[in-house]
Amino acid sequence: MDFRGWKLFAAAVCLHLVQGGYQSFGQISQVVVKKSSSPNKGTFVGMSDGGPIPVHTSVAGAAVSPLDLVKEYKDKFGIDDPDAQLMASNTRRDDLGWTHTNFQQIHHGVPVFGGVIKTHQNANGEFISANGHFLSVPSRVSSIPKITRAAAERIAANAMNDPTATAHESRLEVVDPAWYGNRPKGAHLAYFLRMADAPNTTVEGFFIDAHTGEILDRWNLVETAKNRQVHDAAFTDALPGPLTRSEGNPASGNIEVDRAYDYSGDMFDFYFRMFGRNSVNDAGLPLVLTVNSTAPTCPNAFWNGEQAVFCNALTIDDVVAHELTHGIVQFTADLIYLNQPGQLNESYADVFGELVDLFNGNGAFVGVVGPPWPVEASGPGLDTPNLLRTDECVGGTALKINSPANIAGLFTAGQAFFGPALSETGLTGNLARATPALGCSALTNGSQISGKIAVIDRGSCTFSVKVKNAQNVGAIGVLIVNNVPGGPPGLGGSDPTVTIPCASIDQTNGQAIIDELAQSHVVNATMKANGISGGVRWLVAEGSAPQNAFRDMWRPTCKAHPDRANHSFQTCDPNDNGGVHSGSGVPNHAFALVTDGGSFNGFNVIGIGAIKSAAVWYRALTIYLSASSDFQDAYAALNQAANDLVGSTPLDPRTGLPSSSAFSAQDALQVDLTLQAVEMNTQGLCGAVTPVLDSNPPVLCGSQMTIFSDDFEHGTNGWTVSNTNPPFPFNWTQVTNLPDGHPGIAWFIADPDTGDCVTDIEAAVHFLTSPTISIPAGADPPIVTFTHYVATEAPYDGGNLRISVNGAAFALIPGSAFSYNQYNATLTIDNSDDPLAGQEAFTGFGGTWGTSVIDLTGIAGAGDLIRIQFEFGKDGCGGLLGWFVSDFKIFSCVPAGNGDFDANGHVEMRDFAAMQNCFNASTSNSPECAPGELNGDQLIDLADHALFVGRLNGP
């Protein structure tokens, strides 16, 4: 072959790469068009190999735009004039970093129903595909209506036999029912109407011909989606108990059943009207509720993954919506119910429970008259008076330090259940330190205590004894200082001879008081009862009585919950899954603050209102958050969601129509300020989670010889599963819908929260074993890589890898063999019956997917037959999520080639024949071509040929 001619051919191929989407030498990827039922009209355009679609720009040097793609392939979709027939409607970026742009088909300025073209760009900005439908609309179809919108609405209302029915949505469209599967009627200009009766129990969709008034189509919008099933356990722990009222049935007369039915309907309607969400799973899952149950430790309620369960008298509107929102969290981000992720989970339930509470009582906007909520028969919850909150708590007890200024403020206090009750005016006086500080014996400094409020430490004896000892020396009241972190303790006890009031304070603020007294500073304070007349806004479960509310979102410290991420009340209580019910106060406070506005922690926030804040929180939950997201993750997610929403107009949950105000950049700024105010941009307490895996990719050799590879996308491929037969045995399985949006299929072993470690001991090992793999000659050392995600109960449950060489027994692959992402801990032997206890393993949760790399030097080599086994050990009780494994590979590094195929010390033309025979070959599959792999991309291609020419040093 004439070498000069080869270089000319190479240049021609390179030119084709630029202009025609060249993928590999000898095989050119082709544009693929999938057709619809309409002749010559495509519904999908892509490349045969799934690679980037070649696109030209209309302006030299300009970046390729989605419209450029549509214009280049307009004939494939049957589009004549994209500029006149399409209008960009929205662009969104998904969790894989892909960008999706939608173009709405228009006919003389009117949207064409179902006419949408979508373009899809990968994370590198390359266009991978376009799809959609461009529908045939004859030019004779007029875009000017002959009947009014009001007339069309009257036609629809009459068809519903309800003249009072109104349109909650109305717009002009060009439509033919055939486009969505009904009988063809030809393209018509029509009004699309979403009609609802006055109580909003019947909602129907209509297409009304805008020229003739004919009803082109009509369908039910709600009743087939909403499916409530309320059961009455009748004061037993039966779940779900007898079905008492199902969707569409009249009221049962059982107040708990009917409230559960009505308030679950409010919750459904809120999500449906504002977000278009169809039940908790967005696919019409029945809402199953059990009332009058003793399954919880009453008074309480819970969501068990399938239904919501309530003790008697807890079918309160915000509690019902709270429990069902746990279901929505489950089907979206699926936040782990532990530590900060669990606190976010609990907060999301509080937030949307309170939103339903505010909206169904027409109290979402203080002093604003707007469209009323379509109230259910049970009526709204306790939503009035709905006033903007002050710094005062609602109900309970407070301590106001009046002086000195450096510790002055209003603080949550614990109340005593003995002695006289505090009034809202309260008891004011100077404070004095008791001696002895515990106050369990007669006080020896009576002259200093008399006429003052005695400050006494918690511990050693009952509260009533401490108070009585202070009373005996003339104290007018007692303040108990907590001796452990967290909120102020409640003060139980009984002594009818106690005649002075008592309250308690948390350890941090109590110590500040003690420090001031130690310096002989005068400390003046007021112990008082909080009023209950200031409104119930932002109280959770206030339906029975405001003072009995579970949480206070506006001022979480009123319930001894933290209002910022580093507050001393953020105790991460292990008895509460790391403080899920207290730490939720931090994001709860953020939501209340950004909604209503206010000053906190040095930040001034302008409230954006309940509709906008709800839109931000929902988008963050459904798009950006994942199972292990903590406060810092939520800080990024909520800010991104807010930025996404700029320029959009969220829907009003009262009507399902666009609200009165578009989301602005100023609104997004308030979200950021709020999150900083509550310190969600910091690690905070309960946030010190060390990632199990480094998510950055490892550095691997450029040229590899693949020995074995399985991405698990094509079945089990010889992998086998087994277990050591616990009482309820289960195995590794292949699953999709992976955490953090990871693509594809993975092997998964669950770490369920089962067993009690006493009578039901679920301790076992679960094995995933590879087929036999032969290590070929020249493959030293073999290297193993796999990508995985770990979320297990640390340090009890976890997994590691074992290897069998040439049929020998399986042995643990030690952590020292890992060159990247090795085992992160040793499974505990304390109080553990995990068969793997004491072994190195992957355990715990935190972070995301990562790739581990194992060097088998000294373990296995060329000529060996090996099997790799993933083993997961579980102790007798408890659990979390499990272990996911994907993209398993064994390879060896191929040294960089030098072009000397015959190894005679020269790169000669005689080596050229071997080079040509290897052209377009992958060195991973053809190790004999390795001498020609000169640029490290594992493919013998034109770049290698050019380098080969530069190395010629022989005839």
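Q: What makes β5 and β6 a hairpin, and which residue in the turn has a positive phi?
A: Happy to start there, with the reminder that this is a predicted model. β5 and β6 form a hairpin with 5 residues between them, and G125 in the turn has a positive phi of about 85°. The two strands run antiparallel and are joined by 6 bridges. Two strands count as paired if there are at least two bridges between them, so β5 and β6 qualify. Within that pairing, K118 stands opposite N131 in β6.

Q: Why is strand β6 called mostly covered?
A: The count settles that: of the 7 residues in β6 (residues 127-133), 5 are buried. Buried here stands for a relative accessible area under 20%. For the protein chain as a whole, buried residues make up 51% of the 955 residues.

Q: Why is K528 called buried?
A: The relative accessible area of K528 is 13%. The cut-off for buried is under 20%, so K528 is buried. This lysine is placed in strand β22 (residues 524-529).

Q: How do you know that the side chains of K528 and E392 are joined by a polar contact?
A: The distance given for that pair is 3.3 Å.

Q: What makes the strands β16, β17, β21, β20, β19, β18 and β22 a barrel?
A: These 7 strands close, in the order β16-β17-β21-β20-β19-β18-β22, and their pairing is mixed. From one strand to the next, the twist averages 40°. K528 belongs here too, through its place in β22.

Q: How do you know that β17 and β21 pair?
A: Strand β17 (residues 409-415) and strand β21 (residues 502-505) run antiparallel, joined by 2 bridges. At least two bridges are needed for a pair, so β17 and β21 meet the requirement. One of the details is that Q415 has A503 in β21 as its bridge partner.

Q: What makes β12 and β14 the edge strands of their sheet?
A: The sheet is open, with 5 strands in the order β12-β11-β13-β15-β14 and mixed pairing. β12 (243-246) and β14 (301-303) each pair on one side only, and that marks them as edges. Neighbouring strands of this sheet are turned against each other by 20° on average, direction ignored. For β14, the pairing is with β15 (residues 308-310), antiparallel over 3 bridges, and A308 in β15 is the bridge partner of W303. Helix α7 (residues 317-331) lies across β13, β14 and β15, at about 20° to β14.

Q: Why is α17 called roughly antiparallel to α18?
A: Helix α17 (residues 910-917) and helix α18 (residues 942-951) pack at an angle of about 175°, with their axes 11 Å apart. Angles over 145 degrees count as roughly antiparallel, so α17 is roughly antiparallel to α18. In the contact, D911, F912, M915 and Q916 in α17 meet D944, H945 and F948 in α18. By class, that contact has 3 nonpolar, 2 polar and 2 charged residues.

Q: How many helices and strands are there in the protein chain?
A: The protein chain has 18 helices and 41 strands. Among contacts between residues at least 6 apart in sequence, 66% join residues at least 24 apart.

How values were computed
Residues numbered from 1 in each chain as written. Predicted model: local features only at pLDDT ≥ 70, side-chain atom pairs only at ≥ 80, totals over all residues. Heavy atoms only, no water. Helix = DSSP H or I, 4+ residues; strand = E, 2+ residues; numbered from the N terminus. Buried < 20%, exposed > 50% of the residue type's maximum accessible area, 1.4 Å probe, protein only. Polar contact = N/O pair within 3.5 Å; in protein donor to acceptor, adjacent residues only side chain to side chain. Axes fitted to C-alpha atoms, helices over the stretch in contact; angles between N-to-C directions. Contact = heavy atoms within 4.5 Å. Parallel < 35°, antiparallel > 145°, perpendicular 65-115°, else oblique. Nonpolar A, V, L, I, M, F, W, Y, C, P; charged D, E, K, R; others polar.
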